[in-house]
Amino acid sequence: MPSSLPSLRALPALLAALPLAAAAPAWYHPSSSPFHALFQRQSAIPPVGSDAWLALYPQAGGTPTSIPQSWTDAFNTAVAAGLIPNISVSNLNGGYPTYADGTGTDPDICSFTYVCNATTDLNNPPDGVIALAFDDGPTPVSDDLYDFLSAHNQHATHFMIGINILWNSAQFTHAFNTNQDHIAVHTWSHPYMTTLTNAQVLAELGWTVQIIHDSTGGLLPAFWRPPYGDVDNRVRAIAQHVFGLKTVTWNQDSADWSITTGYTTLPAVEAQLNAWVSGSKSPGLEILEHELTNDTIGAFMNAYPEMVSNGWQIKPVPEAYGFPWYQNADNSTSPVQFTAGVASPVPSLTSGSSTPPVSSSSSSSAAAGGSSAAGGGTFTASGSASGSKSSPSAGGSSGSAAASGAAHLPIVGASALLGALALAVTAFL
């Protein structure tokens, strides 16, 4: 190297002086983003599946009992803005939520269990489109599904349970890293969400968003599906106005979850799937399916050729409805960059009654939803859906040790940094 060239010891200073603003969105959310305080990307997340990674998240089963103060603050801000309706916490009666201040069919409550859909719910894709999604993963049998999808160049949405991600990290990295599939929220422990206090709802959604965000290089989920289809306007509003999550339900229930209970059989599920995909294409299909067992996966695999031969457009949930995959990225491989407006939805209606604020960072001691729903609906009820009540599938951990799935996720935006480095090196040559 000619002696007239600058010393390589000057390289760090030169790199620091380079205009790297273009690379910043791949790593950070700007201060104007509503998620800047909620989910700040750590400088170095441990490898997914490692002991250090496991230690970042709640270990016990059930709803986590603590939440960051920033989530509580965001909730209280939404309450102060009138965005969270004051609806009582429900009690289950034979698997159906009951309310002290009304019924599930009341427009102000709008429980999907009673086939009430909010206008903000996603459950009827456009004509000719199948919104392909699977609930309750990742599980030890999920690899067979992921291999099948990959072999057919088919992407899907996976509504994942947070605790299942924690204990089945190898399958998680298979879905996200290898298949580059779409990852969405199915709560932390798969509870009936309308039976939870406000802070417990925050914990179930927030910790699942957190583990997905940390384990995908900073992607922020944009969609969630309520376990058992148990959602009302209070839970919808918390999901939307605190975490920016769109609620996804369904218009057909395959009942695949009930094969193991003896309620139905694999041939019966396959026959029903084939009937739907060979029938009318208006509206499109949002079928409730699961990656729970070899039978639930097998039912889909056997029906998939019929979906293709009947000319359906088969897409992950966001593509089916015309949305980006994440709140800060178009898909699982594009750079992470905040999309203005996506995470700041406006209410469909003005909330009337007052919702108590959450005053503690502990979800076990937080205030319940309140006692009156009068005028409190932030979502407008719409017509009935053909979907039935969701599965009583277990939401606990299953199977493989997380440590066996240790893997480094790809660092989105690394190409921008490498480009800057190349420019710096070129300056010396």
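Q: Where does His190 sit?
A: His190 is in the loop between strand 7 (182–185) and helix 7 (198–215). Helices (H or I, at least four residues) and strands (E, at least two) are DSSP runs, numbered from the N terminus. This is a predicted model: local features need pLDDT of at least 70, side-chain atom pairs count only at pLDDT 80 or more, and totals for chains, interfaces and linings use all residues. Residues are numbered from 1 along each chain as its sequence is written, and side-chain values use heavy atoms, with hydrogens and water left out.

Q: Is His190 buried or exposed?
A: His190 counts as buried, at 4% relative accessibility. Buried means under 20% relative accessible area, exposed over 50%, partly exposed in between (1.4 Å probe, protein chains only).

Q: And what is the phi of His190?
A: Positive, about 65 degrees, although His190 is not a glycine. Most residues other than glycine have a negative phi, and most peptide bonds are trans.

Q: What about Tyr228, then?
A: Tyr228 also is not a glycine, and has a positive phi of about 60 degrees. Tyr228 is found in the loop between strand 8 (223–224) and helix 8. With a relative accessible area of 11%, Tyr228 is buried.

Q: Switching to helix 8. How many of its residues are buried?
A: 11 of the 11 residues of helix 8 are buried, so helix 8 is largely enclosed by the rest of the structure. Among them are Arg234, Arg236, Gln240 and His241.

Q: What covers the buried residues of helix 8?
A: The cover includes helix 3, strand 3 (117–118), helix 7, strand 8 and strand 9 (246–247).

Q: Tell me about Arg236.
A: Arg236 lies in helix 8 (residues 233–243). Its relative accessible area is 1%, which makes Arg236 buried. Arg236 and Thr194 are 42 residues apart in sequence, and their C-alpha atoms are 9.7 Å apart.

Q: And Thr72? Which helix holds it?
A: Helix 3 (residues 69–80). Thr72 counts as buried, at 0% relative accessibility. Its C-alpha is 9.7 Å from that of Ala203, a residue 131 places away along the chain.

Q: On to packing. At what angle do helix 9 and helix 10 pack?
A: About 30 degrees, with their axes 9 Å apart; helix 10 is residues 294–309. Axes are lines fitted to C-alpha atoms, for helices over the stretch in contact, and angles run from 0 to 180 degrees between N-to-C directions. Helix 9 and helix 10 are therefore roughly parallel. (Angles under 35 degrees count as roughly parallel, over 145 as roughly antiparallel, 65 to 115 as roughly perpendicular and the rest as oblique.)

Q: Which residues of helix 9 and helix 10 meet?
A: From helix 9 they include Leu266, Val269 and Leu273, and from helix 10 they include Ala299, Phe300 and Met307. Contact means heavy atoms within 4.5 Å. The residues of this contact divide into eight nonpolar, three polar and three charged. Ala, Val, Leu, Ile, Met, Phe, Trp, Tyr, Cys and Pro count as nonpolar, Asp, Glu, Lys and Arg as charged, and the others, Gly among them, as polar.

Q: How do helix 4 and helix 6 pack?
A: Helix 4 (residues 142–151) and helix 6 (residues 169–178) pack at about 15 degrees, axes 10 Å apart. That makes helix 4 roughly parallel to helix 6. The contact is made by Ser142, Asp143, Tyr146 and Asp147 of helix 4 and Gln171, His174 and Ala175 of helix 6.

Q: What is the average pLDDT?
A: The protein averages 79, and 71% of the residues score at least 70. pLDDT is the predictor's confidence in each residue, from 0 to 100.

Q: Where does pLDDT stay under 50?
A: One such stretch is residues 382–429. Where pLDDT is low, the predicted coordinates should not be read in detail.
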